[in-house]
Amino acid sequence: TLRVTYRYKLKNVPKPAQAHLGFKIMGSYKYDGKSHCGHNPSPYGTKDWTWEGYNFVIRKNAKDIKLSVILPAGEAWISDLTVSYPQK
């Protein structure tokens with residue numbers, strides 16, 4: 001499990017037709033020939049600086065691990081992005 005935390009600010013980001021199509025910081029990887037991803041719900045509108053975070057569960061032996069920023073329209077600022085591996 002990786003912990004992804006960040007601050008974001010939005011301006012005029014439209015509400016997506018489906019939640020997974022909106023603004024997000026998404027983790028993805030390949031495992032067993034298939035793509036897998038994880039992200040938080042997609043905020044929209046105009047928002048002042050807000051903290052957000054989620055746990056991204058990755059299977060053992062995953063390949064091509066990536067973090068991507070998805071912004072379909074509007075403006076977004078991202079700060080203090082941290083990816084950590086929480087100790088058990």
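User: What makes β2 and β5 a pair, and in which sense do they run?
Analyst: This is a predicted model. In it, β2 and β5 are joined over 6 bridges, in the antiparallel sense. Pairing asks for at least two bridges, so the 6 bridges here qualify β2 and β5 as paired.

User: What makes β2 and β3 a pair?
Analyst: The same test applies, with at least two bridges needed. β2 and β3 have 5 bridges and are antiparallel. Lys 30 stands opposite Ser 35 in β3. The two strands form a hairpin with 2 residues between them. Asp 32 in that turn has a positive phi of about 55°.

User: Why is β2 called largely enclosed?
Analyst: Count its buried residues. Of the 8 residues of β2, 6 are buried, so the rest of the structure largely encloses this strand.

User: Why is Ser 28 counted as buried?
Analyst: Buried means under 20% relative accessible area. Ser 28 has 17%, so it counts as buried. Ser 28 sits in strand β2. Beyond its sequence neighbours within four places, Ser 28 contacts His 36, Cys 37, Phe 56, Asp 64, Ile 65 and Lys 66.

User: Where is Pro 41, and is it buried or exposed?
Analyst: Pro 41 lies in the loop between β3 and β4. The cut-off for exposed is over 50%. Pro 41 has a relative accessible area of 67%, so it is exposed. Its C-alpha atom is 9.8 Å from that of Leu 21, 20 residues away along the chain.

User: Which residues have the most contacts inside the largest nonpolar core?
Analyst: They are Tyr 6, Phe 56 and Ile 58, in a core of 13 residues. β1, β2 and β4 each supply at least two residues of this core. The largest share comes from β1, with 6 residues. In soluble globular proteins, nonpolar side chains tend to be buried together.

User: What does Ile 58 touch, neighbours within four places aside?
Analyst: Ile 58 is in contact with Leu 2, Tyr 29 and Ile 65. Contact here means heavy atoms within 4.5 Å.

User: How do you know that Asp 80 and Arg 7 form a salt bridge?
Analyst: Their closest N and O atoms are 2.8 Å apart. The limit is 4 Å, so the pair of Asp 80 and Arg 7 qualifies. The structure holds 1 salt bridge. Asp 80 lies in strand β6 and Arg 7 in strand β1, so the pair ties together parts that are 73 residues apart in sequence.

User: Why are Asp 80 and Arg 7 called partly exposed?
Analyst: Partly exposed lies between the buried cut-off of 20% and the exposed cut-off of 50%. Asp 80 has 39% relative accessibility, and Arg 7 has 23%. Both values fall in between, so both residues are partly exposed.

User: Where is Trp 77, and what does it touch?
Analyst: Trp 77 is in strand β6. Residues up to four places away aside, Trp 77 touches Arg 7, Tyr 8, Lys 9, Leu 10, Lys 11 and Trp 49. The C-alpha atoms of Trp 77 and Tyr 8 are separated by 5.5 Å, although the two are 69 residues apart along the chain. Trp 77 is partly exposed, with a relative accessible area of 34%.

User: Which residues make the nonpolar surface patch?
Analyst: Leu 67, Val 69, Ile 78, Leu 81 and Val 83 make it, over about 400 Å². β5 and β6 are the elements that give two or more residues. β6 gives the most, with 3 residues.

Definitions and conventions: Residues numbered from 1 in each chain as written. Predicted model: local features only at pLDDT ≥ 70, side-chain atom pairs only at ≥ 80, totals over all residues. Heavy atoms only, no water. Patch = residues over 30% accessible without salt bridge, like charges linked within 9 Å, V, L, I, M, F, W, Y side chains within 5 Å. Areas by Shrake-Rupley, 256 points an atom, 1.4 Å probe, with all protein chains shown as cover. Salt bridge = Lys/Arg side-chain N within 4 Å of Asp/Glu carboxyl O. Helix = DSSP H or I, 4+ residues; strand = E, 2+ residues; numbered from the N terminus. Buried < 20%, exposed > 50% of the residue type's maximum accessible area, 1.4 Å probe, protein only. Core = buried A, V, L, I, M, F, W, Y, C linked by side-chain atoms within 4.5 Å.
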